Amino acid sequence: MTGEIELSRRADEEFGADAEFGADEEFGAEEDRGEQRSAGSKVLGGLLGLAGRVGRDVARTGMGLMRELPGGVEVERQVQAIEKAVSTGVRVWIESVDDPVAGAEGADPEDDEDGEVEPVQDGLREAMSELLFRSATSSKAEAREYLYAGILRMITPDEARVLAGLGDGAAYPVVHVTERSGIGGASRFVLRNGSTVGRAVGVALPDEVPHYLTRLHALGLVEIGAELDAMDDQYEILQTESRIREALRSGKSTKVVRRSVRMSELGTRFWRRCDPTPISGADEASKA
């Protein structure tokens with residue numbers, strides 16, 4: 001631990017020197033800046049690895065129990081010092097790199113599909129190191145926030161509207177259009193996940209609902225379940241939509257397979273956390 005603490009102290013000083021260098025020598029030679037960024041990147045990589053190991057040790061022991069052990073208060077203080085050094089290092093490193101996907105000098109080459117040698121992107125390695133560090137040190141609540149934030153970045157506005165329509169536990173009809181390929185052949189999907197949910201919730205692109213539901217299902221936010229016997233009329237209406245009719249006319253042996261869609265357990269937890277309605281309600285209450 002003493003060696004690791006000394007490493008964090010030296011790294012903190014080096015990153016501090018990097019920041020001062022950048023301020024005083026803004027118009028210095030490009031080679032000097034490149035060497036400075038390269039050195040900072042290597043030190044940051046070591047720090048992230050160290051912080052990950054320390055974080056795992058602390059997580060296994062528990063900070064509360066750690067304080068009760070001999071020297072526990074000092075250990076806690078040193079852990080905080082390592083976290084500060086990592087935070088400073090990440091900030092200085094990000095500020096020193098204009099383009100994280102630009103080829104870094106000195107990086108190990110890799111062969112691409114054409115056999116040509118291209119430089120490894122150090123920015124991608126450091127981004128992965130930061131994710132691994134967060135995984136080792138985040139609490140369950142923090143990890144859940146990262147998950148939900150990642151989902152939000154992947155869904156479209158129309159898909160968010162579909163989730164809002166399913167957020168109250170409602171279910172909607174879904175149909176697949178399949179075609180049998182030859183005698184005794186397996187069926188193939190001509191169209192997946194046509195549904196009335198798009199028009200019901202008012203999406204901007206109703207014809208893209210099959211694509212939306214396929215993506216949401218792949219993310220684990222919705223479930224495609226069995227046919228809803230009580231919604232026979234809605235299935236009939238759904239089969240009159242232009243995209244469904246086109247799919248049915250696309251082959252000789254096409255048929256409709258009835259299914260349904262509702263929110264999954266993950267989708268329910270995600271919507272409960274991200275639902276803007278409680279915020280709007282609180283705003284209205286504060287205005288009253």
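The model is a predicted one. The chain contains 13 helices and six strands, and 31% of its 288 residues count as buried.

**The nonpolar cores**

- In soluble globular proteins, nonpolar side chains tend to be buried together.
- Here, the largest nonpolar core has 21 residues, and L163, L166 and V197 have the most contacts inside it.
- Several elements supply at least two residues each to this core, including helices α6 (140-154), α7 (157-166) and α12 (265-274), along with strands β3 (172-180) and β6 (254-263).
- Helix α9 gives the largest share of this core, with four residues.
- Leaving aside residues up to four places away in sequence, V197 touches V162, L166, Y172, V209 and L213.
- There is also a second, separate core of nine residues, with A171, L228, Y235 and I244 among them.

**Rings and a charge**

- You can find one aromatic pair in the structure.
- The partners are Y148 and F270, whose ring centres are 5.8 Å apart; their planes meet at 70°, so the pair is edge-to-face. The cut-off for that label is an angle of over 60 degrees.
- Y148 belongs to helix α6 and F270 to helix α12, so the pair ties together parts that lie 122 residues apart in sequence.
- Elsewhere, the charged end of R192 sits over the ring of F189, at 3.8 Å from the ring's centre.

- An α-helix has 3.6 residues a turn, so residues three or four places apart point the same way.
- Helix α5 covers residues 122-137, which makes 16 residues. From first C-alpha to last, α5 reaches 23 Å, close to the 22 Å expected at 1.5 Å a residue.
- G123, E126, F133 and A136 are the buried residues to look for in α5. Viewed down the helix axis, the buried residues of α5 fall within an arc of 145°, so they line one face of the helix.
- On the face of α5 turned away from its buried side, you will find the exposed residues L124, L131, L132 and S135.
- In helix α7, the buried residues are D158, E159, V162, L163, G165 and L166. Around the axis they cover an arc of only 160°, which puts them on the same side of α7.

- K252 sits in the loop between α11 (242-249) and β6.
- Is K252 buried or exposed? With 86% relative accessibility, K252 counts as exposed, because the cut-off for exposed is over 50%.
- Although K252 and S181 are 71 residues apart in sequence, their C-alpha atoms are 9.7 Å apart in space.
- N193 is found in strand β4, which spans residues 187-195. N193 is buried, with a relative accessible area of 5%.
- Most residues other than glycine have a negative phi. N193 is not a glycine, yet its phi is positive, at about 65°.

Conventions: Residues are numbered from 1 along each chain as its sequence is written. This is a predicted model: local features need pLDDT of at least 70, side-chain atom pairs count only at pLDDT 80 or more; totals for chains, interfaces and linings use all residues. Side-chain values use heavy atoms; hydrogens and water are left out. A nonpolar core is a set of buried Ala, Val, Leu, Ile, Met, Phe, Trp, Tyr and Cys residues joined through side-chain atoms within 4.5 Å. Buried means under 20% relative accessible area, exposed over 50%, partly exposed in between (1.4 Å probe, protein chains only). Contact means heavy atoms within 4.5 Å. Rings of Phe, Tyr and Trp (its six-membered ring) pair if their centres lie within 6.5 Å; planes under 30 degrees apart count as stacked, over 60 as edge-to-face and the rest as tilted. A charge sits over a ring if NZ of Lys or CZ of Arg is within 6 Å of the ring centre and within 35 degrees of the ring normal. The expected span of a helix is 1.5 Å times one less than its number of residues. The arc is that of the directions from the helix axis to the C-beta atoms.
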